[in-house]
Amino acid sequence: MSATDQIEALKEEIKNYQAQTEEELEQYRMRFISRKSVFGELFANMKNIAPEDRKAYGQTINEVKNLAQDKFKSLIDALNQQKSDAEDLDVKDLTLPPIPESLGSIHPLTSTRKRIIEIFERIGFNLSDGPEIEDDWHNFTALNFPENHPAREMQDTFFIEKNPDIALRTHTSSIQVRVMENEKPPIRTLCPGRVFRNEAISARAHCMFNQVEGLYIDKNVSFADLKQTMLYFSKEYFGKNTKIRLRPSFFPFTEPSAELDISCFICDQKGCKICKHTGWVEIGGCGMVDPNVLSNCGIDPEEYTGFAFGMGIERIAMLKYRINDIRLFTENDIRFLRQFKSVNV
Ligand code: PHE
């Protein structure tokens with residue numbers, strides 16, 4: 001076969017090549033594209049061509065080589081097309097209604113926490129974080145807990161080690177201690193987080209729950225600022241007609257201390273099961289930071305004053321969404337969680 005005939009035959013072969021499978025495509029690649037392709041042999045033949053014809057011969061081979069490469073691309077495209085057509089045909093019944101996509105929902109504790117944070121962020125509170133495993137100093141001693149305070153004892157606190165005491169934090173006030181130790185006033189911060197108490201689990205109490213505590217320290221911070229801040233939050237969260245009530249209370253780390261109640265938004269203070277017919281529901285504790293706590297954390301109580309507050313996120317979510325069992329938050333029952341699909345965060 002003359003060189004020209006051989007090239008013509010190759011051209012025909014390339015034009016007519018069909019690759020139905022990956023293997024056939026690979027065979028084509030080996031024969032026309034790879035380093036061991038037929039073109040190597042054709043170029044090697046150059047020495048047998050009369051010198052005056054060599055240029056034309058070289059050009060012809062290059063043209064065929066380009067043809068082979070173009071064909072390779074179109075073979076790949078055709079094979080891909082064939083695959084996707086096959087997939088389309090795989091749909092069993094095109095008249096079936098589509099299966100609705102089941103989207104997850106935001107956990108009610110997450111959305112409640114986010115909403116609380118947003119409200120306080122608007123009046124200048126930032127966020128602080130701290131460890132869930134705490135030492136005695138940050139959870140108790142710096143917060144002015146007396147040596148023999150019952151909250152330190154086994155029935156309330158999950159101790160991990162004794163002497164020196166290491167425990168799961170019982171409140172996020174421990175974060176506030178860390179902030180006061182590390183930052184200079186003015187301090188305006190929120191401390192959300194998980195806390196642990198050794199309590200019997202029931203519909204109303206759990207050994208693990210979430211809090212958001214807040215701390216504001218500056219010159220001339222007064223009880224009036226605390227009251228106004230609590231009123232602002234309560235109106236923003238529970239509705240603009242909400243009233244607040246502060247009941248005298250006791251915490252080792254605040255003086256004076258108070259329990260914060262809001263007017264019952266469920267019965268409009270007419271009396272219902274939620275407010276136990278009192279018209280008020282408790283949402284947290286608060287007070288002016290005890291001067292001992294400030295000096296324990298390196299802040300001069302002669303120069304600065306501050307207020308602190310703390311609330312349970314579960315409690316707020318339970319009131320807001322009328323959830324009657326705290327255990328539902330951690331049971332991961334999909335039927336419970338699905339009910340919060342429409343709650344935006
Ligand atoms: N740390 C208190 C608790 O866990 C809440 C609180 C915080 C009370 C700040 C007063 C001031 O119960």
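Tutor: Let's open with a definition: two strands pair if DSSP finds at least two bridges between them. The strands themselves are DSSP runs of E with at least two residues, helices are runs of H or I with at least four, and both are numbered from the N terminus. What you have here is a predicted model, where local features need pLDDT of at least 70 and side-chain atom pairs count only at pLDDT 80 or more, while totals for chains, interfaces and linings use all residues. Residues are numbered from 1 along each chain as its sequence is written, and side-chain values use heavy atoms, with hydrogens and water left out.

Student: Okay, so how many bridges join S8 to S9?

Tutor: Strands of a sheet pair through backbone hydrogen bonds, either parallel or antiparallel. In this model, strand S8 (residues 254-263) and S9 run antiparallel and are joined by eight bridges. Leu260 stands opposite Gly284 in S9. S9 also pairs with S10, again in the antiparallel sense, over five bridges. There, Gly284 stands opposite Met311 in S10.

Student: Is S9 mostly covered or uncovered?

Tutor: For that you need cut-offs: buried is under 20% relative accessible area, exposed is over 50%, and partly exposed is in between (1.4 Å probe, protein chains only). By that count S9 is mostly covered, with nine of its ten residues buried.

Student: And what is the strand order in the open sheet of three strands?

Tutor: The order is S2-S4-S3, with antiparallel pairing. Strand S2 (133-135) and strand S3 (159-161) are the edges, each pairing on one side only. On average, neighbouring strands of this sheet are turned by 35° against each other, direction ignored; the angles come from lines fitted to C-alpha atoms (for helices, over the stretch in contact) and run from 0 to 180 degrees between N-to-C directions. S2 and strand S4 (residues 166-168) share three bridges, and the partner of Glu134 in S4 is Ala167.

Student: Let's zoom out. How many helices and strands does the protein have?

Tutor: Twelve helices and ten strands. The protein is more spread out than a compact globule, because its radius of gyration is 38 Å, well over the 20 Å that the globule rule gives for 345 residues. That radius is taken over C-alpha atoms, and the rule is 2.2 Å times the number of residues to the power 0.38. The C-alpha atoms fill a box of roughly 110 × 55 × 40 Å along the principal axes.

Student: Where do the domains lie?

Tutor: The bounds come from an automatic or database domain assignment, which gives domain 1 (3-89) and domain 2 (108-340). Their C-alpha centres lie 76 Å apart. As for burial, 41% of the 345 residues count as buried.

Student: Which residues of helix H10 are buried?

Tutor: H10 covers residues 313-321, and its buried residues are Ile313, Glu314, Ile316, Ala317, Met318 and Leu319. They pack against several elements, including H5, H8 and strand S6 (208-218).

Student: Which residues is Ser173 in contact with?

Tutor: Contact means heavy atoms within 4.5 Å. Ser173 is found in helix H7 (residues 173-182) and is buried, at a relative accessible area of 0%. Leaving aside neighbours within four places in sequence, Ser173 is in contact with Leu143, Glu213 and Phe253.

Student: Now charges. How many salt bridges are there?

Tutor: Side chains of opposite charge can pair when their charged atoms come close. The rule used here asks for a side-chain nitrogen of Lys or Arg within 4 Å of a carboxyl oxygen of Asp or Glu, and the count comes to 16. Take Glu26 and Arg29, which meet at 3.0 Å, N to O. Both lie in helix H2 (residues 22-33), three residues apart, about one turn of the helix. Glu26 is partly exposed at 37%, and Arg29 is also partly exposed at 30%.

Student: What does the pair of Arg122 and Glu236 tie together?

Tutor: Their side chains meet in a salt bridge at 3.0 Å, N to O. Arg122 lies in the loop between helix H5 (108-121) and strand S1 (126-127) and Glu236 in helix H8 (residues 223-238), so the pair ties together parts that are 114 residues apart in sequence. Arg122 is exposed at 51%, whereas Glu236 is partly exposed at 32%.

Student: And which residues are linked in a network?

Tutor: Arg245, Arg247, Asp261 and Glu282 are, through salt bridges.
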